[in-house]
2 protein chains.
Amino acid sequence: MYFELGSREENSGQMKQSDLFVKTLKEDPKDEESLNAKLLMRAGFVYKVMAGVYALLPLGLRAMRKIEGIIREEMESMGGSEILMSALQPKANWETTGRWNDLDVLFRFTSYYSKNEYVLGPTHEEEVTPILKQHIFSYRDLPAYVFQFQNKFRDEKRAKSGLLRGREFFMKDFYSFHADEADLDEYYDRMAEAYKRVFERLGIGDKTYLTFASGGTFAKYSHEFQTVTPAGEDIIYICDKCAIAVNEEVIGDMDHACPQCASKELRQEKSIEVGNIFKLKDKYSAPFELSFKDNEGVEKPVLMGCYGIGVNRCLGTIVEASHDDKGIVWPESVAPFRFHLIEMKPGLGEALYREMIADGYEVLYDDRDVSAGEKFKDADLLGIPWRLVVSERNKEKIEIKRRNEEQTLLVDYADIRRLK
Amino acid sequence: MYFELGSREENSGQMKQSDLFVKTLKEDPKDEESLNAKLLMRAGFVYKVMAGVYALLPLGLRAMRKIEGIIREEMESMGGSEILMSALQPKANWETTGRWNDLDVLFRFTSYYSKNEYVLGPTHEEEVTPILKQHIFSYRDLPAYVFQFQNKFRDEKRAKSGLLRGREFFMKDFYSFHADEADLDEYYDRMAEAYKRVFERLGIGDKTYLTFASGGTFAKYSHEFQTVTPAGEDIIYICDKCAIAVNEEVIGDMDHACPQCASKELRQEKSIEVGNIFKLKDKYSAPFELSFKDNEGVEKPVLMGCYGIGVNRCLGTIVEASHDDKGIVWPESVAPFRFHLIEMKPGLGEALYREMIADGYEVLYDDRDVSAGEKFKDADLLGIPWRLVVSERNKEKIEIKRRNEEQTLLVDYADIRRLK
């Protein structure tokens, strides 16, 4: 394997395929049921460690960082301060909220040395609430907004859906802290809009519905964002007129009607929950005694909201939503590279590759000494949006093709520049 | 708390202190012994979850991302492909290498549902070797270089050194794969140089020594990078002439002499291990049967090297190495911001803040309505390299002061621009 030392090509947007240590697989992996994991494994984006646990290989990590970047931008636009909490959490915090015994997906274990009992965080209300308690005292300290990207852990009963349901998974969790319900409500509605922007930018906006779901003890309903896919584990009822949906679990409470327009013409679909937003109110601030003094000096509980998005679940969902029988079809916003440059003879693509680097394009350059057939097959499997081919036959021209279209065109580099 | 929605100031290099939900602490936290954690907690960079486990608050995360960025650049310059492995690992892999029973720092536990036994990875040879086995077959696939930034877990007997020794910690681990010893040796030496560049750029180069340490079964010596600090848990013997050191554990084997110049004039110091590099040879490739066919078709074992840097350990080490009785003194490369703009009256700094944003400076703007004394005290505690003060007294000028110097100067904005 050849790598240009010092060039830092890999993460600055370009990569030679001969530098990638990863190989595509000719056949579906045997021990995998789910379509998203099969495709991601065959394309060399992920490696399966065991059921529900996947490692991200270079192209998979690049795609996940794209998703992370889009979510981060939208969360910062909502005023969020990024922090990074711990996976290891003390038993005491989970006893405070009663979830030490109540939550069946907790991985719990005891330190051999300290004899302390730990939880591997499946969510972080038990950590974020005490953190904010150290900093919120007065109405002047509110509202406050924090979020993180972090690995979470759940002892799932079944983990057969690839990246859609992991025992270890990468998640964005956002927590908001408010002085009163009106402020929480207003922020919650704005966050729902931010979530719509996220899924729109991820290329799954047209298949993703704001969905009414069970609200637990502290709110009548919560809202999920559900993406329609046959691989989904949930059932939702979509009102096409309002472009919202209702989760099967509460459709009875709603008399099988759209909560917005009361229409009973609902379309039933399988779907996967890619995000959720939740009014926690004082569910966690009460047990941790997170309160503040209002402008008259009266002590009041802080009200909370929480907002999650599964980052590698989004990765899996995008693959479920966007593929064909040849491989993955990445949306441009999430693709590990925008262009896949294929040369039909060693060295033919080098000049164009250099030019594209100089112009700042994200390009994967297939400089491998393998057959054209293998290169085309791998290009379809990898699913990069634009395929460029340089051959001896068309010396002065570049053959360009979109991954999701059949038509090829012979163009000049100047035409590619006009794509943006 | 006021935050300009949509401005995305926070992570693009600017922040208003009134937007930061974090408050500094007036006194040392009671349940903390270590100096680095005390300072980082008082300055609001970290939150202590429990012994050996810390959450990173916004300023702490910014500093850690700076360290991560420097390390990433140097690892990419060594040809590394970034991946992201899992924290959860299967028992079987650790039985394959014999470390399931041998490694006393392993957190081990059993899934309630699957009854599978897991390890929380303290290191990743048991995962990276099987991953590369899927992709390395021939001498043409070698060498290969992969690395990751990831949370690791160790069931430490004692965790009283703050960020220097965590039960959960953020680490860069790099693995190299070679066809023969000459290639491994050459790469190992170049990696030692890359490590020197990392610690130089982190501002601890002058206190960090390449240190001969125990090599285990497969190499006579390994090399650590040890930073001299009274908080260190190791003892090293420094040869000032050669600027290298020997760990106490092997100084006897070396007859108490410098391995390079044989001098016996060695200086004994306490130090903390911020990185290590290790020739693993076939220690892990043999049990996992990671082999390749050479150019004559002969099957041979792949030889490995591994190279670690503790990222939040570096954060703690920098604080130990660079502080005074007023607070932290960040090196410019790691500081969460380059400038700390303080206004003596509300609104006075706004125009300069806007100008600095437009010019792309990293600036924290203390726009809080608190006393000048409190602002100066917090500025010293936070340790941002350049303090700028705008006051009514010096309307047209800016008072500038370095964190580690006493002298203040009255300058124009044009002078600040010339700093770069």
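In the predicted model, the contact between the two chains draws 57 residues from chain A and 57 residues from chain B. On the side of chain B that touches chain A, the elements giving two or more residues are strand S2 (46–50), strand S3 (53–56), helix H2 (58–77), strand S4 (81–82), strand S5 (88–90), strand S6 (107–110), helix H5 (125–133) and strand S8 (144–153) of chain B. The most is given by H2(B), which supplies five residues to this side. When the residues of this side of chain B are sorted by class, 33 are nonpolar, eleven are polar and 13 are charged.

The largest nonpolar core holds 226 residues, and among these A:Ala55 and B:Ala55 touch the most other members. Once the neighbours within four places in sequence are set aside, A:Ala55 is in contact with A:Val46, A:Tyr47 and A:Val49 of chain A, and also with B:Ile83, B:Leu84, B:Met85, B:Ser86, B:Glu127 and B:Ile131 of chain B.

Within chain A, helix H2 (residues 58–77) and helix H8 (residues 311–321) have axes that come within 9 Å of each other and cross at roughly 115°, and the crossing in which H2(A) passes H8(A) is right-handed. The residues that meet here are A:Ala63, A:Met64, A:Ile67, A:Glu68 and A:Ile71 on the side of H2(A), and A:Val311, A:Asn312, A:Cys314 and A:Leu315 on the side of H8(A). By class, the residues of this contact of H2(A) with H8(A) comprise seven nonpolar, one polar and one charged.

Definitions and conventions
Residues are numbered from 1 along each chain as its sequence is written. Chains are lettered from A and ligands numbered from 1 in the order in which they are written. This is a predicted model: local features need pLDDT of at least 70, side-chain atom pairs count only at pLDDT 80 or more; totals for chains, interfaces and linings use all residues. Axes are lines fitted to C-alpha atoms, for helices over the stretch in contact, and angles run from 0 to 180 degrees between N-to-C directions. Helices (H or I, at least four residues) and strands (E, at least two) are DSSP runs, numbered from the N terminus. A crossing is left-handed if the near helix is turned anticlockwise from the far one by less than a right angle, and right-handed if clockwise. Two residues are in contact if their C-beta atoms, placed from the backbone, lie within 7 Å. Ala, Val, Leu, Ile, Met, Phe, Trp, Tyr, Cys and Pro count as nonpolar, Asp, Glu, Lys and Arg as charged, and the others, Gly among them, as polar. A nonpolar core is a set of buried Ala, Val, Leu, Ile, Met, Phe, Trp, Tyr and Cys residues joined through C-beta atoms within 7 Å. A residue is buried if 20 or more other C-beta atoms lie within 10 Å of its own, exposed if 12 or fewer, and partly exposed in between; C-beta atoms are placed from the backbone.
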